[in-house]
Structure formats: C-alpha cells, structure tokens
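Student: I have a structure open and have not looked at it before. Can we go through it piece by piece?
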Amino acid sequence: MSENTLTVLVADDDVTNRLLLEAILRKEGYDVIHAEDGREAVEVFERERPDLVLMDIRMPELDGYQATELIKAMSGDVFVPVIFLTANSDIDSMVKSVEAGGDDFLAKPYNRIQLQTRINALMRIRELYSTVRQQRNELILHQKRLERERQMAKRLFANIIHTGSLDQPNIKYLLSPMSLFSGDILLAAPKPSGGVHVILGDFTGHGLAAATGALPVSSIFYGMTAKGYSIAEIVTEINTRLKTILPVDMFLAACLIDIDTTTHTLTVWNGGLPPLVVYAARQLAISQRIPSQHLPLGIIDGESFSRRVEVVGIQQGDRIYICSDGVLETQNRQGEMFGRDRFNALFEAGLAPQALFDTILERLSDFQAGSLQQDDVTLLEICYDQSLLEQRAGTIEEEEGGRGRLSAAPSSWGLTLTLTADLLKVLDPLPLLIQTLMDLQGFRGQRQQLYTVFSELYSNALEHGLLKLDSSLKANASGFVEYYQAREQRLAVLSEGEIRIDIRHQPDAGGGRLTITVEDTGDGFDVDSALLPLTENLGHAGRGIQLLRSICDEVIFQGCGNRVQAVYRWR
Amino acid sequence: MPVTSTVSADGKDITINISGRFDFAVQNEFRNCYHSTGPEDGVSFTIDMSKASYMDSSALGMLLMMREHLGGNSANITISSSSDDISNILTVANFQSLFKIA
C-alpha cells in the first residue's frame, strides 16, 4: 500500500500534535494535509479528497464527531476511514465516535508502530471495499445489458416462432412458459394443397437452451410445409437436424398433425407426448386416442428413426386436443399431480364441444389453486371446420416475393421427367418439382395453384393408374381412411410401372401458358363413365378433377385414359 | 441417499437404486454410478426404480447420457420395478426401444 502515495488529513487544533503526527506520517511515506478545526477539516476534505482522516475530538467551530458525520456523508459509497485521536479511552466518547461513523481510535501518546498498523488495516479494508464496489457496479451494468439482450432475443424468438397461423377462430391454445423463453413450441402452417400442419413440442428443460432448439424446428416446419412436404418427411428432417445439434441428454417430445380438408383425414405422428384426443361432436365422446408411438425427436439417427404415421377420419365440428406433459403434471398445493385420470374424465362427461377447452382450463386452474407452476404447460384445441381451414390455404405468404430474386421473363422451355416405381416408393416428387418450376420461371403468387394442379394430376396417375385404387371407396369418411391405408400398402410393394411428366411453357400475353402432360403405364379407365358424375358434387370423391377444371383452361384425357393433359395460363 | 449402487462379486453387474424423485437434483450421484465403467468393460446395469416416486424429462435425458456413455446401441441397461406412473413416462417416450424394461 505504501507504493502509492496516500494522502492523510490530520485535523487537530493543537499545533504540537499536528507536527508530531505529520513527522511520523511523512517518515512512513504519506502525504500530509492538515486542518486546525472541525469546519476547516470538512472544507479541506471536500477540496483535497484525502484517503484517510485522523480526527481530534475536541476542536473549536465543529467538534470531531460533527466533522466526521459531514465527511462520511460527503464520501458517499467511497470508503474513507476516519481514526479518532483520543486522550483517554473512555467508553462514552468511544460510543459517540462510532455513532458519528468513526472507524478506529488512536490513544495518546502516539506510537509509530501502532499508527502504522491501524492505517494498514484500514487501507486493506478500503481496497477491499473499492473492489467490491467496482464489481457491484460491473454486475449491475452486466445485468442491465443481459436483460436488454434477453428482451431483444425474446422479441426475435417470438417473431420466428409465432408467425404461424395460430390466430384462427377454430384454434384455441394455452401456452404458459415458466420463464422468458418457453421449452414448449406450438406452430401451425397452412398447406399449399389445403388444410393445415401443426406441431406441438416439448423440449427437455426450459429457458434459453430449449428455446434455441426451437429455431431450426420452426424453420424446417414452415419451410417444408410451404413447399408441400408431408409430415412424415418433415418429422424425419427435424429429427435429423436435432440429432446433430442437441446434446445427448436433450430431446424434443413432439406431436405433428396434418389436417386435410380434401380427404377429411387427420394424420398424426406422436413421439413422446401424451395421447392426442379427438372429441367427436356428434357422439360427445372421444372418437380417437392416438398415443405416443415413437421416441422423441433428436435421440436416434436417421436409419432407425420411424416416420410411420397414423391416419384417421375426422368430421365437421370434431375437436382435436394435444397437450404437453406439463398439463398432466400440474401440481396442487399437496404436491399431487393432475394426472391422466382427471384429464381423461374431462372428456367423459358428455360436455358440449365448444365448452370443453374452457372447462379444461378452469379445472386445471382450480386444481392448481395458486401453487407454483412446475413445468411449461401447453394445450391446443383445433376444431375441424372445413370451410375455415380451406379459407386459410388461400392466404399463404409467397416466400418468393420476399427473396429479392430476379425472376426470368416468361420464356419458352420444356421439362420431361420419368419417375420409376423404385423412386415413387421412397419419394414424393411434388415438392421438388414445384420448387424447380418456381426457381426456373418464378411463378410469383402461383405456387398454390400450381401445387394443386400437379398434385391432382400426379395422384390420379399414381393412385388410379399404378396402384389401381378404386375411388368409389372414398364415398364416406371411413372409406377414406381405408383408401389411404391401401394406398400406403400398395405403394410399399410397387415393383413396376412409370409416371412420365412432360411440362412445356410458352410466353403468352404478359404471362405464360403451361402445358402439363402426365402419363402412367397403368390400364387407364373408361373416360366417359368416369367423367359422367362430375357435373354433380359427390362430396368426397370426384373433387380432384373438378378442382383441376376450375383452375386450368383445358383438361383433356387421352389414350385409354392413362394420359391427362392440362393447360394452365398465368400472368 | 436417493441414489446408491451395488456391484456384484464378479464386478459384471451393477445395480443402481433410485429412491424418491429422479430428476436433475441427483444428476451427479447418478452419473458417478456408471462413469468409471466404459463400453468395453462388459458390465450389465440394472436401474432399480422400485423406490422412485417420480421422474421427469431431465431424468430421461440422464438415462440417454448413460446409454451413450456405455456404447449407445451396445449398452446393456435394464430398467426394473417401475411404478405405474414411471412406466407410463417411459412408455410415452418409447424408451422400451432403447432400454430393457423389466
């Protein structure tokens, strides 16, 4: 401490005392300033800001106690030790010095060793004090910066995660994160072919780490859904990505669903979440319960991962429920959990479907009765309302618009693609094909229409041409499920046959004319009889060709019905 | 002690007993039970959950860490005597495809 020259203020009205102390201090290497009374001590202190004060008690103007109080008040949160100089160490004056803020006493006659020891001890405290103060200030600053960053990240996170289409009258949800960032993720996105994809996920743990994992999930989910991929493909991609980035002990329990308004089916992949429940509007009872059938995402690699989905039929007004296990693990004051039995009982009371969601929330909150939330709690209800879900599909954002890419002026080009049985078994070519067309010509604002055209032409070739499925099966909802199960089985064992897709594009007054020919190696069908009922709305079946006709300028069946040509104009 | 382990005479079987809550709070104790064993040691592990009252997803994560440490697919780990609640948690997460559940 004696390396840095310290300044000591000596306040004493006795000149002999002052000189004596000054001599000792200077010998020890200190700078010395002095004051002859209490008032001067305060003035000198204010001006010179010494590091330590030696204070006599009895002085004119202000006495040592009063001067000390003022000096202490002036030093703020800087520690300036004050040592009282006393003739005798009577208890009374000691108490008064401590009350005034004094830090130590020095009794006359002054002894050099004693003085040096006292000063050293107090200087050590002063240094400690200043370190603590500095650290405290850094900590406060750091905390403020951290809080600002957290708030910023929260906004960013909210923008990335919650830009989906959850705000629909037919979707109700509860998302109550334990901390700033939720470990639960809930996203919904409309499909280009109509209907909606939803994912509800629950990361191990919560907070920032869990939220970070949600970012790739949301970009894969939104990106692939917009491009027309199925949930089986999306869930496989999410699993692969999470397996790469997540630490071994972190994973995502998730349920992905595809609600299809064309086929009235619900497709589900559930890995690690409580059973998905469908509450039938007509029966006022559970019509489907789809339990977890897979490992959560991010645990095993691609080869052993199972993308198998469940397909069930669904009817107007039915309600779909998915929740994170935080719902079942909600605790009451006694530490008891809400549990499966209480949850299931909610669906067995024959409640009106529109009252169910609020009833669940009410029961949960009654049960919890103000006790602390233990885990992220997420609950989702989707009402199957065909008209609403279809309407949604019309408002898909065109991502091409935002990319700043230059789209080529309409020009002449052609593309021929031959898809063999081996390829068809493992790959849905539509998303890739549509993406290629969008990249090639930049059909701004046309993605959804194009998707529908290609999807109808392709399904017709695959399902009727190669797989020889009978569309009369689709006369009712349960037949639909059967139809799609048969599709999956037959596709898995498909060994021969091809689908050829030929695409020609010609510029045409401010836009273009796209001629699409899809031909399969199947037997074809009796064109006249198949086209006959199309003038009537058959509900489940026949919608495909009707849809095509409404979008395309021309739809012509050729050959023995195994070749279809559609002409689509755009501007 | 919420987590204890016993080793068989030949050192080839280790039983980890868990009582009370199986969650992040017992992470270190749990890890210590298998940490000095490697995939090549040919040790079979049994996790006895008969006295465990609860497990959460961080405990599932801890089981995954253990499996990875002991060689992933070649790890020999049995989870035994779970209560209904704990069995249900393991089943929902489909852990029967990664561990032997007795």
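Student: What pattern does chain B follow, read along the sequence?
Tutor: Chain B follows β-β-α-β-α-β-α-β. That comes to three helices and five strands. Keep in mind that this is a predicted model.

Student: How much of chain B counts as buried?
Tutor: Of its 102 residues, 34% count as buried.

Student: And what share of its contacts comes from residues 24 or more positions apart?
Tutor: Taking the contacts in chain B with a separation of 6 or more, 70% are between residues 24 or more positions apart.

Student: How many residues does each chain put into the contact between A and B?
Tutor: Chain A gives 16 residues and chain B gives twelve. On the chain B side, the largest share is from helix 2 (residues 57-69), with seven residues. Sorted by class, the chain B side has six nonpolar residues, five polar ones and one charged.

Student: On to chain A. How many helices and strands are there?
Tutor: Chain A has 18 helices and 20 strands. It has 571 residues, and buried ones make up 38% of them.

Student: Which strands make up the open sheet of five, and in what order?
Tutor: The order is 16-17-18-20-19 in chain A, and the pairing is antiparallel. Strand 16 (413-420) and strand 19 (554-558) are at the edges; each has a single partner strand, so one side of each has no neighbour in the sheet. From one strand to the next, the twist averages 15°.

Student: What holds paired strands together in general?
Tutor: Strands of a sheet pair through backbone hydrogen bonds, in either a parallel or an antiparallel way.

Student: How many bridges join strand 18 to strand 20 in chain A?
Tutor: Eight bridges join strand 18 (residues 511-520) to strand 20 (residues 563-570), and the two run antiparallel. Across that pair, A:Leu514 stands opposite A:Tyr568, which is in strand 20.

Student: Which helix packs on that sheet?
Tutor: Helix 15 (residues 447-466) of chain A does, touching strand 17 (498-508), strand 18 and strand 20. The direction of helix 15 makes about 10° with that of strand 18.

Student: Different topic. What does helix 3 of chain A look like in length?
Tutor: Helix 3 (residues 64-75) has twelve residues and reaches 16 Å from its first C-alpha to its last, close to the 16 Å expected at 1.5 Å a residue.

Student: Which of its residues are buried?
Tutor: In helix 3 of chain A they are A:Gly64, A:Tyr65, A:Ala67, A:Thr68 and A:Ile71. Looking down the helix axis, these buried residues fall within an arc of 160°, so they line one face of the helix.

Student: What covers them?
Tutor: The cover includes strand 1 (7-11), helix 2 (38-48), strand 3 (52-56), strand 4 (82-86) and helix 4 (91-100), which belong to chain A.

Student: What comes just after helix 3 of chain A?
Tutor: A:Gly76 does, and it takes a positive phi of about 60°.

Student: Last one: where is A:His264?
Tutor: A:His264 is in the loop between strand 9 (252-260) and strand 10 (265-271) of chain A.

Student: Is A:His264 buried or exposed, and why?
Tutor: A:His264 is buried, because 22 other C-beta atoms lie within 10 Å, and the cut-off for buried is 20 or more. The C-alpha atoms of A:His264 and A:Gln315 are separated by 6.7 Å, though the two residues are 51 residues apart along the chain.

Key. Residues numbered from 1 in each chain as written. Chains lettered and ligands numbered in written order. Predicted model: local features only at pLDDT ≥ 70, side-chain atom pairs only at ≥ 80, totals over all residues. Helix = DSSP H or I, 4+ residues; strand = E, 2+ residues; numbered from the N terminus. Buried ≥ 20, exposed ≤ 12 C-beta atoms within 10 Å, placed from the backbone. Contact = placed C-beta atoms within 7 Å. Nonpolar A, V, L, I, M, F, W, Y, C, P; charged D, E, K, R; others polar. Pairing = 2+ DSSP bridges. Axes fitted to C-alpha atoms, helices over the stretch in contact; angles between N-to-C directions. Expected span 1.5 Å × (residues − 1). Arc of directions from axis to C-beta.
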